Amino acid sequence: MTDPNPAGGPVDALLLLSFGGPEGQEDVIPFLENVTRGRGIPRERLEEVATHYRHLGGRSPINDLNREIIANIEAELADQGRDLPVYFGNRNWTPMAEDTVRRMVADGVRHAAVFATSAWGGYSGCAQYNEDIERVRQQVAGAPTMIRLRQFYDHPLFVERFAADLRRAIDAAVPGARVVFTAHSVPDAADEVAGPPALGGHLYSRQVQEASRLVAEAAGVAEYDVVWQSRSGPPGVPWLEPDVVDHVRDLATSRGVRDVVVVPIGFISDHVEVIWDLDTELVDEVRELGVTVTRCATPGPSREFARMVVELLDEVESGTTQPRPGSVPALGRNRDGARCGIGCCAR
């Protein structure tokens, strides 16, 4: 297994590496083609997903949200007297990671830390970002060494920010509203191989469950549910369940629940999977049952989140790890796109 605490030493840049999103109507289909390249997704499915983006004017909020995170990180670094450039690159849309790393090379960057905008283990949450790093280093001559910041599902600042926002959402909801945590679903088979085999698999779903427990405990919530959302792919392929819409419907029909507080624990910002799948689709689907949905905020825009990123950067530079409250491993601090272990997160 890759050393989880490689002593990286000082870095001369930080790269925020993210998924990407379209910036206008003409970008939507090309963006979705990038996302699904090599997966044989039919055009009609892309058109169906495109309606979510077109509903928002063809512009995903994710790039602007990431720029906001970067601005907060820069402010946090400045407050600490650190002059460290922060760069922005995506997997699927501009600014593309390859182009950003070329600019880093031109700027003289030789040793960079990489913050991937996912708190989680698993293929899509971790290993695919490692593949991005490996691909970019192969494609860009003179690319800097790159060391990932670790998975942060249980970082105290991540937990505390979510817990504070959950308390605010509960205060805004009807007393007694049911708390429901939700994260992006993945195929059962992908979750089974998430993490090195020696850790028993299911690293992604275990981390989501543990993060939900930590946030609920910090917010003083004794009873809650953990569900999944945003699944795609053939209906015959089993994915993590229950689906958030199905679950809230079941709460209403079988238990008479009429008020829920939804916590998007799997997401750091209000991008499409939050504002469409939760704020639009979920709300519309359960309105006919008389259910009111109050949605907890995401932590990405907060200064606490930026402070967390800087603390993760400090771990990389010092080669140490702060005490962690979670009982599930947090891996991902790897160099130059290496996996966390042999057989980890098979695609």
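Arg150, Asp154, Glu315, Arg324 and Arg333 are linked in a network of salt bridges. A salt bridge here is a side-chain nitrogen of Lys or Arg within 4 Å of a carboxyl oxygen of Asp or Glu. A search of the whole structure finds 34 of them.

This is a predicted model: local features need pLDDT of at least 70, side-chain atom pairs count only at pLDDT 80 or more, and totals for chains, interfaces and linings use all residues. Residues are numbered from 1 along each chain as its sequence is written, and side-chain values use heavy atoms, with hydrogens and water left out.

Helices (H or I, at least four residues) and strands (E, at least two) are DSSP runs, numbered from the N terminus. Buried means under 20% relative accessible area, exposed means over 50%, and partly exposed is in between (1.4 Å probe, protein chains only).

- Arg67 pairs with Glu23 in a salt bridge, and their closest N and O atoms are 3.3 Å apart. This pair links distant parts of the chain: Arg67 sits in helix α3 (residues 62-79), Glu23 in the loop between β1 (13-18) and α1 (28-36), 44 residues apart.
- Arg67 is partly exposed, with a relative accessible area of 35%. Glu23 is also partly exposed, at 21%.
- Arg339 forms a salt bridge with Glu131, with the closest N and O atoms 2.8 Å apart. Here too the pair links distant parts of the chain: Arg339 is in the segment after α12 (303-318), Glu131 is in helix α5 (residues 123-139), and they are 208 residues apart.
- Arg339 has a relative accessible area of 26%, so it counts as partly exposed. Glu131 is partly exposed at 24%.
- Arg178 forms a salt bridge with Glu223, and the closest N and O atoms are 3.1 Å apart. Arg178 lies in strand β5 (residues 178-184) and Glu223 in the loop between α8 (203-219) and β6 (224-229), so the pair ties together parts that are 45 residues apart in sequence.
- Arg178 is buried at 14% relative accessible area, whereas Glu223 is exposed at 55%.

**Thr298 and its surroundings**

- Thr298 is in the loop between β8 (292-295) and α12. Its relative accessible area is 8%, so Thr298 is buried.
- The side chain of Thr298 makes a polar contact with the side chain of Asp270 (2.6 Å). A polar contact is a pair of N or O atoms within 3.5 Å; within protein, one must be able to donate a hydrogen and the other to accept it, and residues adjacent in sequence count only if both atoms are side-chain atoms.
- Contact means heavy atoms within 4.5 Å. Leaving aside neighbours within four places in sequence, Thr298 is in contact with Phe162, Asp165, Pro264, Phe267, Ile268, Ser269 and Asp270.

**Nonpolar cores**

A nonpolar core is a set of buried Ala, Val, Leu, Ile, Met, Phe, Trp, Tyr and Cys residues joined through side-chain atoms within 4.5 Å.

- The largest nonpolar core has 66 residues, and Phe115 and Leu166 touch the most other members.
- Not counting residues up to four places away in sequence, Phe115 touches residues including Leu14, Leu16, Leu149, Phe152, Phe305 and Leu312.
- A second, separate core has 18 residues, among them Ala13, Leu15, Ala112 and Val114.

**Helix packing**

- Helices α3 and α12 pack at an angle of about 65 degrees, with their axes 8 Å apart. Axes are lines fitted to C-alpha atoms, for helices over the stretch in contact, and angles run from 0 to 180 degrees between N-to-C directions.
- Residues that meet include Ile69, Ile73 and Leu77 in α3, and Phe305, Val309 and Leu313 in α12.

**Backbone details**

- A cis peptide bond joins Thr94 and Pro95, with omega about 0 degrees. Pro95 is in the loop between β2 (86-90) and α4 (97-106).
- Another cis peptide bond joins Glu241 and Pro242, with omega about 5 degrees. Pro242 lies in the loop between β6 and α9 (244-255).
- Ser230 is not a glycine, yet its phi is positive, at about 65 degrees. Ser230 lies in the loop between β6 and α9 and is buried at 17% relative accessibility.
- Asp336 is not a glycine either, and has a positive phi of about 60 degrees. Asp336 lies in the segment after α12 and is partly exposed at 22%.
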